[in-house]
Amino acid sequence: MDRFYVTTPIYYANDQPHVGHAYTTVAADVLARFWRSRLGAERVFFLTGTDEHGQKIADAATRAGQSPREFVDGLIPTFQSIWSALNISNDIFMRTTESEHYEFVQGYFEQLHKQDDIYRDTYEGFYCVGCEAYKTETELVDGHCPDHPNLAPERRKEENYFFRFTKYVPAVIEAIESSQLLVEPASRRNEVLARLKGEVRDISISRPGLNWGVSVPWDQDHTLYVWGEALLNYLSALSLAGKSDFWPASVQLMGKEILWFHAAIWPALLLAGNKPLPQRVFAHGWFTVDGQKMSKTVGNVIDPVQLVEQYGADATRYFLLSAVPFGTDGDIQPSRFDATYDTDLANDLGNLLQRVVTLLGRAELTVEPQGSVSCTPVVEALEALRLDEGLKAIWTIVRSANKDLETAKPWELMKQPERRDELTKVLTAAYRQLESIAAGLAPYLPETSERIVAQLQSGKAEPLFPRRASSDL
Ligand code: MSP
């Protein structure tokens with residue numbers, strides 16, 4: 001691999017991001033940082049951004065008494081400040097309201113229309129504004145979308161333009177089965193394949209009479225369907241940044257609920273546009289909070305800013321990435337954040353560093369830092385997108401380093417000048433372990449990693465994870 005392009009979904013600009021959005025974004029950030037350290041910053045491109053068109057946004061703007069444009073413009077700084085509080089190192093913040101995106105999308109669909117991949121027909125069925133997606137009757141449960149039970153799906157009969165999705169389905173299946181397009185985890189790949197092999201229909205890609213969106217270039221009375229338009233951001237962003245040679249994407253991350261759009265519809269749109277397919281599309285699971293779906297109605301939405309204020313950016317990144325195996329659903333329990341902070345971060349890691357730096361000082365021992373250190377289990381985990389396992393591997397080293405010190409008791413050795421060689425060996429080994437820990441942590445907890453290296457080199461011990469302000473999450 002000589003280039004790495006990683007993307008998050010572009011999040012709906014109808015509300016500020018919560019911890020679920022932060023999860024995907026932090027995960028992508030870890031991958032971007034990891035690959036920058038291997039390939040150099042100029043060979044990595046990391047996209048995140050916002051999906052700003054469509055009915056969901058237009059409705060939210062109306063509720064706020066604003067025009068859609070005012071509304072999204074007012075919300076974007078919140079997104080950007082949350083990502084900056086979490087130390088997200090995105091290379092672009094892509095907004096679908098950028099004029100370049102608008103023109104790119106029109107050009108792309110114009111081509112598809114010219115080559116007869118788009119036709120006009122009548123659509124009849126249901127539409128869920130929450131998903132911004134059409135629903136078949138079989139997808140509804142008791143007449144409601146299972147993901148948005150509080151919203152009544154709208155019954156629609158309208159003239160739409162359709163994309164010949166079914167024409168490209170065999171090629172998409174072939175790409176997935178031959179692993180030209182990796183869809184992960186495997187269980188979700190099978191779900192996508194089963195659905196592609198089942199009954200599929202062409203996709204409506206326009207709507208009449210919705211003004212907030214990209215208008216269909218050959219018919220001003222229609223607006224392009226927000227999903228079709230939004231997916232193209234992964235290409236339009238590169239074009240905007242003058243980085244088109246980064247396509248195809250190396251890894252596209254998302255939550256499981258939108259894998260179908262990314263592993264089926266998106267590849268079909270790319271094939272129609274004669275573009276290479278992404279190499280890897282990975283869907284992680286969904287967080288529940290103390291066993292419940294996160295929702296405003298339940299009142300259990302976790303605000304990432306509050307977490308950062310209370311615990312710091314690195315601890316927040318640690319909570320998110322260590323909470324569940326990457327790729328499976330899981331529960332995060334805010335009630336356990338304090339304990340995790342105290343045990344894993346302040347005690348296991350923080351005390352190890354403080355102890356070693358203090359002992360080195362007392363023994364008046366200087367260890368030469370190693371030039372380039374890498375932490376093999378982290379490299380393996382990140383190549384395989386097993387993000388939580390990389391962290392586990394680091395904490396295995398942390399705990400074994402602590403254990404080695406308990407066994408060797410350098411503080412005893414220090415009282416016995418004749419055992420100086422032994423002392424040197426023990427403390428040098430601990431120093432090397434910390435170097436490896438810092439290397440492994442660099443993509444995950446970047447500030448912590450730098451502070452470990454700085455303290456090892458300066459000999460000045462300071463708490464890595466200070467006592468927290470009291471918690472009331
Ligand atoms: N705008 C579309 C994506 C278009 S991409 C071309 C969209 N936006 S969204 O705001 O709803 O964000 C969805 C993403 O947020 C999920 O794919 C996932 O990355 C993240 N999450 C939202 N809630 C989540 C959880 N409860 N748990 C984990 N992640 C979830 O869909």
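**Exercise 1. Determine how many disulfides the model contains, and account for the state of C131 and C145.**

Solution. The count comes to 0 disulfides, a disulfide being a pair of cysteine sulfur atoms within 2.5 Å. C131 is in no disulfide, and the nearest cysteine sulfur, that of C145, is 3.8 Å away. Seen from C145, the closest cysteine sulfur is the one in C131, and the separation of 3.8 Å is too far for a bond. In accessibility, C131 is buried at a relative accessible area of 15%, and C145 is buried at 1%. Here buried means under 20% relative accessible area, exposed means over 50%, and partly exposed lies in between, for a 1.4 Å probe and protein chains only.

The structure is a predicted model, in which local features need pLDDT of at least 70 and side-chain atom pairs count only at pLDDT 80 or more, while totals for chains, interfaces and linings use all residues. Residues are numbered from 1 along each chain as its sequence is written, and side-chain values use heavy atoms, with hydrogens and water left out.

**Exercise 2. Describe the packing of helix α4 against helix α8.**

Solution. Helix α4 spans residues 99–114 and helix α8 spans residues 233–241; helices (H or I, at least four residues) and strands (E, at least two) are DSSP runs, numbered from the N terminus.

Step one is the geometry. The two axes come within 9 Å and cross at roughly 120°. Axes are lines fitted to C-alpha atoms, for helices over the stretch in contact, and angles run from 0 to 180 degrees between N-to-C directions. The helices α4 and α8 are therefore oblique to each other. By the convention used, angles under 35 degrees count as roughly parallel, over 145 as roughly antiparallel, 65 to 115 as roughly perpendicular, and the rest as oblique.

Step two is the handedness, which is right-handed for α4 and α8. A crossing is right-handed if the near helix is turned clockwise from the far one by less than a right angle, and left-handed if anticlockwise.

Step three is the contact, defined as heavy atoms within 4.5 Å. From α4, the residues E100, H101, F104 and Y108 meet N233, L235, S236, S239 and L240 of α8. These residues divide into 4 nonpolar, 4 polar and 1 charged. Ala, Val, Leu, Ile, Met, Phe, Trp, Tyr, Cys and Pro count as nonpolar, Asp, Glu, Lys and Arg as charged, and the others, Gly among them, as polar.

**Exercise 3. Carry out the analysis for helices α12 and α17.**

Solution. The axes of α12 (residues 337–362) and α17 (residues 446–458) cross at roughly 15° and come within 10 Å. The pair is therefore roughly parallel. The crossing of α12 with α17 is right-handed. L349, L353 and V357 represent α12 in the contact, and T448, I452, Q455 and L456 represent α17. The contact comprises 5 nonpolar residues, 2 polar and no charged.

**Exercise 4. Identify the backbone exceptions at P185, P248, S179 and D290.**

Solution. Most residues other than glycine have a negative phi, and most peptide bonds are trans.

- E184 and P185 are joined by a cis peptide bond with omega about -5°; P185 lies in the loop between β7 (182–184) and α6 (186–197).
- The bond from W247 to P248 is likewise cis, with omega near 5°, and P248 sits in the loop between α8 and β12 (251–255).
- S179 has a positive phi near 65°. This residue, S179, is in the loop between α5 (165–177) and β7 and is partly exposed at 39%.
- D290 has a positive phi near 45°. The loop between β14 (287–289) and β15 (292–293) holds D290, which is partly exposed at 46%.
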